[in-house]
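Subject: Structure handover

Hello,

Here is the structure I said I would pass on. My notes on the fold follow below it.

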Amino acid sequence: MVNDSGGLGAIVFAGGRGSRLGGVDKAAIELGGVRLIDRVVAAVRGVGVMRPIVVGATDATPRGCVAVREHPPYSGPLAALAAGLAAIDRSVDEVLLLACDLVRPDRVVARLRDHAPAGGEDATLLRDPDGRAQWLAGRYRVAALTRAIAALDGAVADEPLRRVTAALEIRWLDADASTVADIDTPADLARARSSPGSLAEAGSAAPTGSASNTHGGTMPQSNHLPPEALDAWLAAAAAELDVDPETVRIGTVLDVARDVAHDVARPAAPLSTFLLGVAYGRSGEADPARLQSLADQLTDRAAAWKADRTDSE
């Protein structure tokens, strides 16, 4: 079972066939060099959900997430919801339900972070300018979802989410079209890739703002760019150092920095990414798969480091 601190969890839906996109795994599609699933996971981790649940057939589930499958496979979002709820710890009171193909997951999660269900409400959901409900852009009470699922007596395969949401008391949050945009078709994908806003605003793995330093003062706010907006800097820096930017995966490097910062210490993050670059260059293989392999070694070592320190305390 999954335990997320603060009573908030997240279920990311990645089980569709992507038929309107030619059958591709939508979770693995990249915007600005970062996979859609990584953008959503970064957004929920930014509000403290460190082990989100990813439901579906995707092979792109990020490290540290919990992968589950709906039964039977490809049997729709209601079956996916049932599978996701079964993996949630009892300490989680509310859960974000999010589609893996959101273009601006940070915007969605920010709205939901600031608007928890209150009083007799079972959920807060975004809706687009035409009044359409965005079922997979919502914050729900786990108890309400569980009751609604139980009332269906197992009849969840190939059924719409409306079978559950119709029984809920919902507070609606109006959102503009760009906030709730997702990627269902090649035209949607082309639009997302051509929109500067979608690359500059979504998928950030770390929040901006001031932070306390080790001397008890306040660190000045630094310039912060989410992974997608780093493409231009990657191109410029790679040109300066005579490196092929296609051999570098921004998401891979930032994943190492995040995991090392979490499991070891923040100052260890830049040191570790430097060592990753040294090892990558020394290997003589300008291959992103090799970069990923080295990154996995580092993050595994960081996790072991944390475990060793915990055991010794």
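How many helices and strands are there in the protein? There are 11 helices and 11 strands, taken as DSSP runs (helices H or I, at least four residues; strands E, at least two) and numbered from the N terminus.

This is a predicted model, in which local features need pLDDT of at least 70 and side-chain atom pairs count only at pLDDT 80 or more, while totals for chains, interfaces and linings use all residues. Residues are numbered from 1 along each chain as its sequence is written, and side-chain values use heavy atoms, with hydrogens and water left out.

Sheet: 7 strands form an open, mixed sheet in the order 5-4-1-6-8-7-9, where pairing requires at least two DSSP bridges between two strands. Its edges are strand 5 (66-68) and strand 9 (170-174). Strand 7 (residues 123-127) runs parallel to strand 9, joined by 5 bridges; one of the pairs is arginine 127 with aspartate 174. Helix 2 packs on the sheet, touching strands 1, 4, 5 and 6.

Regards

Notes
Contact means heavy atoms within 4.5 Å. Axes are lines fitted to C-alpha atoms, for helices over the stretch in contact, and angles run from 0 to 180 degrees between N-to-C directions.
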